[in-house]
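Subject: Handover of a structure

Dear colleague,

I am passing the structure below to you for your records. Please look through it before reading the notes that come after it.

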Amino acid sequence: MTGFIIRRLLLGLVTLWITSLIIFAATQALPGDAARSILGRSATPESLAALRQQLGLDKSVFTQYWEWISGVLTGDMGASLVNSLPVTEVLSDRLVYSLFLMLLAAAISVPLGIYLGAASARRRDSAFDQTTSVATLGLAALPEFVVGITLVVVFATNVFTWLPGVAVTEPGVGPWHYPKQLILPVAVLVIAVVPYTARIMRASTVEILESDFVEMARLKGLPEQRVLWRHAVPNALAPTFQVTALNLAYLAGGIVVVEAVFNYPGVGLLLVDSVRSRDMPVVQAIALLIAALYVVLNLLADVATILVSPRLRTSLE
Amino acid sequence: MTTADEALSREIERGMTRQDILRRAAALGIVVAGGTFGPLTEAAFASTKIKRGGTFRQAVFGGAGDFIDGQHIVAKSDIVRNVVGFEGLAYFDEKGVIKLSLAEELKAEKANQYLIRVRDGIEFHNGKTLTIDDVIYSIKRTKNPKLKLFGNAAFGAIDLKRIKKLDKRTCRLFLSRNDVTLKEAFAQYYQGVVPVGYAPNSFIKGPLKHIGTGPFKVKSFTPGRESVHEKNENYWRSGQPYFDQVRIINFPSDAAKVNALLAGQIEAMSDVPFAQVPVVKGRSNLRILVSPTGAWTPLCMRVDVAPFNDVRVRRAFRLLINRPQVVQQGLSGAGRIGNDIYSPFDPAYAGDEFPQRAYDPEQARSLLKQAGQEGLTVELASTAWDTGMNEGATIFAQNAKAGGVNVNLRILDGTAFNDQYLKWPFSADYWGTRNYLLQAASGVLKTAPFNETHWDQYSGYNRFESLYRQALGTVEEKKRAQIIKEMQRMEYNDGGLIIWGFKNLTDGYSAKVSGYKVDRGTLNLNKYGNGFRTIYFV
């Protein structure tokens with residue numbers, strides 16, 4: 001098991017390195033650079049050249065990449081090109097906001113998804129199952145910005161004015177101080193994730209409920225609730241873990257859209273802003289962070305799957 | 001505005017009635033003719049209770065590249081953070097008339113000689129008293145070729161070596177050439193006066209950064225998120241400002257700003273998207289401020305590259321846009337049509353004396369045929385730097401089809417557009433309100449920093465520039481207007497700008513706030529309530 005984790009971690013590092021190459025290449029392909037965005041409309045060839053030199057943008061692409069990656073390896077993420085603050089300082093406050101949003105969304109959507117899936121499987125083809133099925137399919141088809149804007153229109157601006165439509169926060173004050181402002185962004189993320197979890201949970205529970213050992217449990221005369229929650233669900237969790245991990249990783253990307261809709265000051269909003277101003281050190285740092293989250297979550301899901309699947313567990317030992 | 005007026009308006013704030021005020025005025029020795037007081041006093045009567053204090057929240061569209069500088073701006077967010085903390089020698093009032101601010105005297109002694117005297121006893125945010133040395137330093141910083149500040153070009157005539165300090169508060173400027181526009185240049189909002197030693201090498205950071213004389217001083221600034229400004233207790237205009245604090249908060253889009261306004265999370269926002277104006281109007285707790293300005297978003301044809309180097313193509317293109325349609329559809333009616341001449345508020349404006357150009361695809365077709373450019377395909381670049389750019393470009397692309405011109409519209413993100421800015425053969429741009437000569441110095445002259453059409457490559461350019469020089473040295477206004485009209489005629493006939501109209505600024509604010517006036521100037525929301533000092537909670 002330890003060997004497996006170490007191997008996967010090493011592979012993860014290779015993945016991150018490749019990601020950094022792709023991101024760097026992609027950012028180079030964008031027209032315009034940070035010097036352009038800083039100087040704006042009044043840029044002149046001379047002032048551009050001077051600023052490029054000052055920011056190190058006049059060096060070759062390879063040198064720029066090498067300087068950046070060697071900085072990262074020694075724990076120095078560099079400084080923002082547009083406001084010269086250290087990247088770690090720019091990110092730290094934002095990271096707290098994004099992680100809090102994600103954790104809150106995960107804490108609600110995972111149990112909710114598992115419950116809805118299992119309950120639908122148990123009452124297969126009932127009205128409840130049908131309703132859940134249609135609702136989850138419908139919601140899964142909607143992009144987050146549509147859900148987000150709809151929720152804003154309904155609950156914040158046009159129909160009711162119960163909740164704030166955007167986040168207005170102060171730097172240095174944690175997101176937990178604004179519970180009302182969190183409701184809509186969290187709701188959008190929950191709506192984005194629950195359908196997938198619920199559907200996969202339903203499918204695997206249905207399959208398990210038809211298997212021999214469940215039949216055996218029923219024949220023993222166990223109550224159906226106990227059959228479901230003690231015998232079927234634990235065995236149906238393995239695939240659900242995989243999907244949940246993927247969904248959480250997806251949340252890390254999904255927050256970009258949600259944060260932009262709600263002006264929620266997390267890394268997603270910062271990413272949009274940094275791409276717009278061609279602030280490459282910040283773009284790179286955020287992209288790496290999101291990629292790292294993907295790697296770690298996938299690894300955790302695999303470990304969890306192994307732990308709940310006796311066959312896989314024993315094969316590794 | 002007199003001091004007595006300000007004193008009386010303060011009495012009203014304390015709860016005095018008109019009778020009380022009449023008695024008070026008599027006691028102060030103020031003669032009240034026909035019961036009419038000064039404008040401030042009347043305004044105070046009108047809104048009877050001005051509430052002092054409170055935190056005002058202004059939404060802006062900005063990004064991580066935001067900065068605060070008294071003499072430079074790039075984005076609209078930088079403008080708001082400039083006017084809240086900095087002031088120049090003079091400013092334009094709502095009607096576009098130049099009024100003195102930090103200066104007690106600012107006058108052209110000759111067309112090439114100016115006298116400046118600053119008011120006594122004005123303090124910077126750090127407690128230092130304003131002297132003429134600060135003004136001289138500010139002029140030098142603006143003219144620093146390495147910094148390339150926004151107002152650099154307009155100070156071109158000032159001879160730095162011959163600035164003569166007369167006393168602690170007075171100096172005389174000698175110009176290397178005649179320039180009657182210098183007073184106007186000093187009144188631009190980005191010509192803030194900064195203290196000696198203020199950030200000499202950068203507009204992003206440096207010593208004394210954020211120190212101005214304005215009504216609010218910087219308390220905190222987080223680029224890309226917000227800035228907090230607290231009341232300047234030593235502000236020199238008595239009674240102002242009214243708020244304790246101003247928060248300038250960034251939003252990623254206009255939609256997010258509107259949502260914040262509708263939900264009561266901010267007090268004011270600039271540029272309400274046209275589709276949202278009826279929604280805001282429908283709320284009893286919100287107001288819309290419409291300001292008919294001289295702002296314009298032209299389409300610019302480079303006169304030095306094919307096919308636009310042929311004047312017949314330029315003339316044809318000016319006939320290929322349905323101007324009323326752009327104003328109606330692109331601006332939702334919030335504007336008025338133009339006639340390819342800028343500076344509509346200039347006393348010498350002649351755009352309405354020349355025949356109004358109208359949509360005429362047939363004539364355009366025949367002009368293009370003469371030029372051998374039938375079935376022409378062009379690329380038109382635009383970006384959402386300002387409302388009206390993409391709208392004008394999009395409608396032009398549709399309109400031009402009828403004239404047999406195929407337009408490939410390229411709408412780009414700001415930085416990508418900027419990458420080829422001033423190099424695009426055909427592109428959109430944006431401008432605020434400025435009088436003709438200053439606008440020419442910014443946008444069409446050879447030395448202009450934003451010469452989009454490369455007008456200096458036009459065959460008659462030498463004559464245009466000599467007219468410009470002549471106008472700059474002509475103190476007599478009527479004579480100057482004649483020269484300016486001649487310049488406008490050249491641009492009307494042969495120029496590369498398609499000026500389809502002028503825009504209104506449409507801003508939204510909370511009914512809890514009062515004091516905004518309709519303003520002809522470039523800046524939104526009555527110059528953001530004149531740096532947030534003339535607006536207040538009621």
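The notes below describe what was found in this structure.

This is a predicted model, in which local features need pLDDT of at least 70 and side-chain atom pairs count only at pLDDT 80 or more, while totals for chains, interfaces and linings use all residues. Residues are numbered from 1 along each chain as its sequence is written, and chains are lettered from A and ligands numbered from 1 in the order in which they are written.

Chain A overall

Chain A contains 13 helices and zero strands; here helices are DSSP runs of H or I with at least four residues, strands are DSSP runs of E with at least two, and both are numbered from the N terminus. Along the principal axes, the C-alpha atoms of chain A fill a box of roughly 85 × 55 × 30 Å. Of its 317 residues, 39% count as buried. A residue is buried if 20 or more other C-beta atoms lie within 10 Å of its own, exposed if 12 or fewer, and partly exposed in between, with C-beta atoms placed from the backbone. Among the contacts in chain A with a separation of 6 or more, 72% join residues 24 or more positions apart; two residues are in contact if their C-beta atoms, placed from the backbone, lie within 7 Å.

The two domains of chain A

Chain A is divided into domain 1 (2–73) and domain 2 (92–316), with bounds that come from an automatic or database domain assignment. The C-alpha centres of these two domains of chain A lie 32 Å apart. Where they meet, 18 residues of domain 1 are in contact with 15 residues of domain 2. On the domain 1 side, the elements that give two or more residues are α1 (2–29) and α2 (34–39) of chain A. The largest share of that side, 11 residues, comes from α1(A). By class, the domain 1 side has eight nonpolar, seven polar and three charged residues. In this scheme Ala, Val, Leu, Ile, Met, Phe, Trp, Tyr, Cys and Pro count as nonpolar, Asp, Glu, Lys and Arg as charged, and the others, Gly among them, as polar.

A buried residue in chain A

A105(A) is placed in helix α5 (residues 87–122) of chain A. A105(A) counts as buried because it has 27 C-beta neighbours inside 10 Å. Leaving aside neighbours within four places in sequence, A105(A) is in contact with V186(A), L189(A), V190(A), V193(A) and L251(A). A105(A) and A192(A) are 87 residues apart in sequence, and their C-alpha atoms are 9.7 Å apart in space.

Where chain B touches chain A

In the interface between the chains, 32 residues of chain B are in contact with 35 residues of chain A. On the chain B side, the elements that give two or more residues are β10 (245–251), α7 (254–262) and α13 (414–419) of chain B. Of these, α13(B) gives the most, with five residues. The chain B side has 17 nonpolar, nine polar and six charged residues.

A helix pair in chain B

Helix α15 (residues 461–472) and helix α16 (residues 477–494) of chain B pack at an angle of about 160 degrees, with their axes 9 Å apart. Those axes are lines fitted to C-alpha atoms, for helices over the stretch in contact, and angles run from 0 to 180 degrees between N-to-C directions.

Yours sincerely
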